Amino acid sequence: MASCAGLTLPSANAHRLLVPTGAPDSAALADAISRFQELVLLRNRARPHFGELLNPSRQAIGTNPLCGDLLTVELVVVGDRIVQSAFYGEMSAISIAAAEILCTQIENLSLADAEARLRAAQSMLAGRQDLAAGDEFQCFTVVRRYPNRLKTATLPVATLLAAVRGDSAPVSTE
């Protein structure tokens, strides 16, 4: 069993790691990649935020032209609080996992707190900061090693940020 931010995950995919043996910190990197892969698989099996909302008060659309991802996020905001969030579209497993985690994290937050949370995720993906210990999204640090996967993980962050701000302009990773 592997653990990422307190989440216990089955270790069924360790054979899929592509880490050269003998590389510096190869064991630590292999462990981080394994935890990330398992988190992505887990979040793709359980997707409570996947689908359209009945009456969203905010919506944003994002694209990753390089891989063809198309993501729509919707929020129900009451006062200044996000009471419901959802996403849908055609996207990779990495985008789905990132969107699922972030939707869970911003629900019941004020718009200001949700924006701060999403900016922290954006900074973590850019390599400028780490997230708090125990934050499930911290597993996404491994995508910084792979530029195409980094854009895939960045798409849900940027699209949710646009929805939180009430920005209706399309979001793109390019």
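Which residues in H1 meet which residues in H2? Let's work towards the answer together, keeping in mind that this is a predicted model.

We can start with the two helices themselves. Two packed helices are described by the angle between their axes and the distance between those axes. Here, helix H1 covers residues 26-45 and helix H2 covers residues 93-106; they pack at an angle of about 75 degrees, with their axes 8 Å apart. Angles from 65 to 115 degrees count as roughly perpendicular, and H1 and H2 are therefore roughly perpendicular to each other. Now for the residues: H1 brings Phe 36, Leu 39, Val 40, Arg 43 and Asn 44, and these meet Ala 93, Ile 94, Ile 96, Ala 97, Glu 100, Ile 101 and Thr 104 in H2. Sorted by class, this contact has 8 nonpolar, 2 polar and 2 charged residues.

Next, look for the sheet. Its 4 strands form an open sheet in the order E5-E4-E3-E6, and their pairing is mixed. At the edges you will find E5 (81-90) and E6, each of which pairs on one side only. Strand E4, residues 69-78, pairs with E5 in the antiparallel sense over 9 bridges. To trace one of these pairings, find Leu 70, whose bridge partner in E5 is Glu 90. Helix H4 lies across E3, E4, E5 and E6, and runs at about 155 degrees to E3.

Helix H3 is our next stop. This helix, residues 111-125, has 15 residues and reaches 21 Å from its first C-alpha to its last, close to the 21 Å expected at 1.5 Å a residue. Several residues of H3 are buried, including Leu 111, Ala 114, Leu 118 and Met 124. The buried residues of H3 pack against E3, E4, E5, H2 and H4. Just after H3 comes Gly 127, with a positive phi of about 85 degrees.

Is Ser 123 buried or exposed? Buried means under 20% relative accessible area, and Ser 123, at 13%, therefore counts as buried. Setting aside neighbours within four places in sequence, Ser 123 is in contact with Arg 128 and Gln 129. Ser 168 sits in the loop between helix H4 (147-165) and strand E6 (171-172). Exposed means over 50%, so Ser 168, with a relative accessible area of 65%, is exposed. Although Ser 168 and Arg 58 are 110 residues apart along the chain, their C-alpha atoms are separated by 8.4 Å.

Technical notes:
Residues numbered from 1 in each chain as written. Predicted model: local features only at pLDDT ≥ 70, side-chain atom pairs only at ≥ 80, totals over all residues. Heavy atoms only, no water. Axes fitted to C-alpha atoms, helices over the stretch in contact; angles between N-to-C directions. Helix = DSSP H or I, 4+ residues; strand = E, 2+ residues; numbered from the N terminus. Parallel < 35°, antiparallel > 145°, perpendicular 65-115°, else oblique. Contact = heavy atoms within 4.5 Å. Nonpolar A, V, L, I, M, F, W, Y, C, P; charged D, E, K, R; others polar. Buried < 20%, exposed > 50% of the residue type's maximum accessible area, 1.4 Å probe, protein only. Pairing = 2+ DSSP bridges. Expected span 1.5 Å × (residues − 1).
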